[in-house]
Amino acid sequence: QVQLVESGGGLVQAGGSLRLSCVASGSRITTMGWYRQAPEKQRELVATITSSGISNYADSVKGRFTISRDNAKATVYLQMNSLKPEDTASYYCNALTWTSVDFWGQGTQVTVSS
């Protein structure tokens with residue numbers, strides 16, 4: 001069993017920055033990532049990072065967002081710069097175990113005002 005606790009969301013003006021954190025409890029986690037869901041839209045990938053540090057980003061956030069991971073602290077971060085109103089969404093932390101089971105956090109709201 002894996003539990004994920006997110007923090008760091010909030011309200012920011014366009015062009016601003018936020019940093020999301022997700023602390024994982026449990027073992028056998030491989031890839032971790034962030035997804036987001038805006039009202040009336042499907043949940044979409046933002047970024048993922050493997051246990052060895054290989055990252056992957058959605059085209060819409062490349063060059064603006066950076067995912068990082070501290071394996072010793074079982075924490076994944078998402079540094080979000082140059083935020084746009086279209087980045088407004090609930091952001092969810094995800095963890096994938098060695099047995100390919102997905103776990104999700106409760107979500108943290110990010111609102112970017114224009």
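I began with Thr-75, which is buried at a relative accessible area of 5% (buried is under 20%, exposed over 50%, partly exposed in between, with a 1.4 Å probe and protein chains only). I was working in a predicted model, where local features need pLDDT of at least 70, side-chain atom pairs count only at pLDDT 80 or more, and totals for chains, interfaces and linings use all residues. Residues are numbered from 1 along each chain as its sequence is written, and side-chain values use heavy atoms, leaving out hydrogens and water.

I placed Thr-75 in strand S8, residues 75-80 (strands are DSSP runs of E, at least two residues, numbered from the N terminus). Leaving aside residues up to four places away in sequence, I found Thr-75 touching Cys-22, Val-23, Ser-68, Arg-69 and Asp-70 (contact means heavy atoms within 4.5 Å). I also saw a polar atom of the Thr-75 side chain 2.9 Å from the backbone oxygen of Lys-73.

Next I looked for aromatic pairs, and the count came to one (ring centres of Phe, Tyr and the six-membered ring of Trp within 6.5 Å; planes under 30 degrees apart are stacked, over 60 edge-to-face, the rest tilted). Tyr-35 and Trp-104 pair edge-to-face, 5.1 Å centre to centre with 70° between the planes. The pair joins distant parts of the chain, from strand S4 to strand S10, 69 residues apart. I noted Tyr-35 as partly exposed at 21%, and Trp-104 as partly exposed at 37%.

Last, I checked charges over rings (NZ of Lys or CZ of Arg within 6 Å of the ring centre and within 35 degrees of the ring normal). The charged end of Arg-43 sits over the Trp-104 ring, 4.6 Å from its centre. Arg-19 has its charged end over the ring of Tyr-77, 4.1 Å from the centre.

Definitions and conventions: Helices (H or I, at least four residues) and strands (E, at least two) are DSSP runs, numbered from the N terminus. A polar contact is a pair of N or O atoms within 3.5 Å; within protein, one must be able to donate a hydrogen and the other to accept it, and residues adjacent in sequence count only if both atoms are side-chain atoms.
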